[in-house]
Amino acid sequence: MLRINIILKYLRILFQFWSTSLSIELEYKLNLFVEILSTIGNLAGSLFVLSMFYTADNTLGGWPWHSSLIILGFYTLIESFTISFLQPNLSRIVKQVQNGTLDFVLLKPVNSQLWLSFRTFSPYGLPSLIVGIILIYIGLVKGNYYVNELSLIISFVMFICGLIILYSLWFLIASTSIWFVKIWNANEVLRSVLISGRYPISAYPLALRPILTFLLPVAFLTTVPAQALLGIAPFSLMMVGVTIAIVFFVFSINFWKYALKFYTSASS
Amino acid sequence: MFKKLFTKKRSRIFNLYRVFRALFISQYALMVEYRAEIALWAISGTLPLIMLSLWSNSQAIYSFGYNPINLAHYFISAFVVRQFTAVWVMVSLEEDNLEGKISPYLLQPVPPIFRYLFSHISEQFSRLPLVLLMIFLLFLFKPNYFWLPNIGSLIISIGTIFIAFLLRFLIHWIFAMICFFTDKASSLERLLLIPYLFLSGMIAPLEAYPEQIKQFALLTPFPYILYLPSKMLSSQSFNQTINIEVLFIWIVVLSIVSVFTWRIGVKHYSAMGA
């Protein structure tokens, strides 16, 4: 009973958070226009680059054109999550450590990691969300792939695992700002590695694939959910994905608790 | 009288030199403070290397006249060029505008553009050892990619890279002026990144592009920011004609436009709280 109360409380808080940040963001109407324009531009550019790989061969690392579209679709969905949640929230941790306003967050009777991770919501991820779903749909229909409910559910679970991995990595980097204070660029590093998720992992040289699977698990963000959707994901790989997601998430929680012990507020 | 005029002029030039030197030294000290940040930022410019690893597995490169080795030279050069043409003036100008920091700059007898310009140039110097280290590591793992440009082409390349940097800086500066009107201009940077990514030759050498898109790209300033200096640095011959006039026309036009947009923009500057 108590558990349900807590969950309800947090849901209410999240609703409050997001509705206020939505009304703040709507103040800057030009941004929405810019965001839609850049989503379309990015889509056109990505399709153009992808088509260049298919001029000589009919495959990219063993993936035909339509299944590459599905990977691009998953990449766009990841990007939408990044724009809506990760970027606006986790970039603020750095600022709060710098200015010492993290004190006010820690004093609140709310889990500080939850507060920091989901305080704001940016509606500008919405265009990417729509584009991502459309890309996956087109890839499935034009490629004549048959998808049953089971593979749809498995793919969804794998995608959620991918989001958890990405979130945990990003939060880990952001929480190191307790020591290093200015760590804004570390997230740029993560973002730049993330770009490699636009293409199937098998398109990369053999030496790079283990790095992109285990060290910086880009494979689980796009390639594995796409494989799961098409029903060709190896079971062992999916289990590895789930394990990595759980390990990363638990580690990020404990690491944050550990990092907070070193927090000295500003100017002390 | 002539002598007087001459000395006055000389002292003015000398003064300007002193100001630039002071700006450079102070900004360099600031940048070295944040060297860990700059190291991370340097690592984040790996897109050309990601593209290299993708293209090197593809058969398509032969159809546009490359082989794995000179393709590697092209993309490694692109990586270096990108490092020295990094521009973040929109973000810092937006921040300075929101916090009212431009007010003291306006009171000083140096046009504020030079302050931003020198902060970029001094950052390039603090980045130089990092880039050399990364290139060294790259050649260590991939010794067959190693090459050395000869001294002549190296000097020309450095010149071209600097022109490329100026071109990119001017474009960003002009767009940064919009922050005087809307406060939040850095979202425009995301927009500006798109033609830079797809038209500059970052994702593939320009030879790989279909003919019409290539011709269109060469009329925009973007290939001159990355493709041209990368080709120079990798000491490769050009498989197609590059109209260097286009580059100079863009520099002249953008310089003039940047002066005017600054004059218009700064009139709208209202300091903080207005």
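This is a predicted model: local features need pLDDT of at least 70, side-chain atom pairs count only at pLDDT 80 or more; totals for chains, interfaces and linings use all residues.
Let me begin with one residue, L22(A), which is partly exposed at a relative accessible area of 31%, where buried means under 20% relative accessible area, exposed over 50% and partly exposed in between, with a 1.4 Å probe and protein chains only. Residues are numbered from 1 along each chain as its sequence is written, chains are lettered from A and ligands numbered from 1 in the order in which they are written, and side-chain values use heavy atoms, with hydrogens and water left out.

To return to L22(A), this residue lies in helix α1 (residues 2-25) of chain A, helices here being DSSP runs of H or I with at least four residues and strands being runs of E with at least two, numbered from the N terminus. Leaving aside neighbours within four places in sequence, L22(A) is in contact with F121(A) and P123(A), contact meaning heavy atoms within 4.5 Å.

Now to chain A as a whole. Its secondary structure comes to twelve helices and zero strands. The radius of gyration of chain A is 20 Å, close to the 18 Å that the globule rule gives for 268 residues, so the chain is as compact as a globular protein of that length; the radius is taken over C-alpha atoms, and the rule is 2.2 Å times the number of residues to the power 0.38. Along the principal axes, the C-alpha trace of chain A spans about 60 × 45 × 40 Å, and buried residues make up 50% of the 268 residues. If we take the contacts in chain A between residues at least 6 apart in sequence, 78% join residues at least 24 apart. The accessible surface of chain A comes to about 13,100 Å², with 72% of it belonging to carbon and sulfur atoms, as computed by the Shrake-Rupley method with a 1.4 Å probe, where for residues only the protein chains shown count as cover.

Chain B has 15 helices and zero strands. A compact globule of 274 residues would have a radius of gyration near 19 Å, and chain B has 21 Å, which agrees. Of these 274 residues, 49% count as buried, and the C-alpha atoms of chain B fill a box of roughly 65 × 45 × 40 Å along the principal axes. One buried residue is Q83(B), at 2% relative accessibility, which has its place in helix α5 (residues 68-83) and touches A42(B), G45(B), R127(B), V131(B) and M134(B), not counting residues up to four places away in sequence.

Finally, the rings. A search of the whole structure finds 40 aromatic pairs over all chains, where rings of Phe, Tyr and Trp (its six-membered ring) pair if their centres lie within 6.5 Å, and planes under 30 degrees apart count as stacked, over 60 as edge-to-face and the rest as tilted. F24(B) and Y28(B) form a stacked pair, 6.1 Å centre to centre with 15 degrees between the planes; being four residues apart in helix α1 (residues 2-33) of chain B, they are separated by about one helical turn. F139(B) and W147(B), by contrast, have their centres 6.1 Å apart and their planes at 85 degrees, so that pair is edge-to-face. F139(B) counts as buried at 13% relative accessibility, and W147(B) is buried at 14%.
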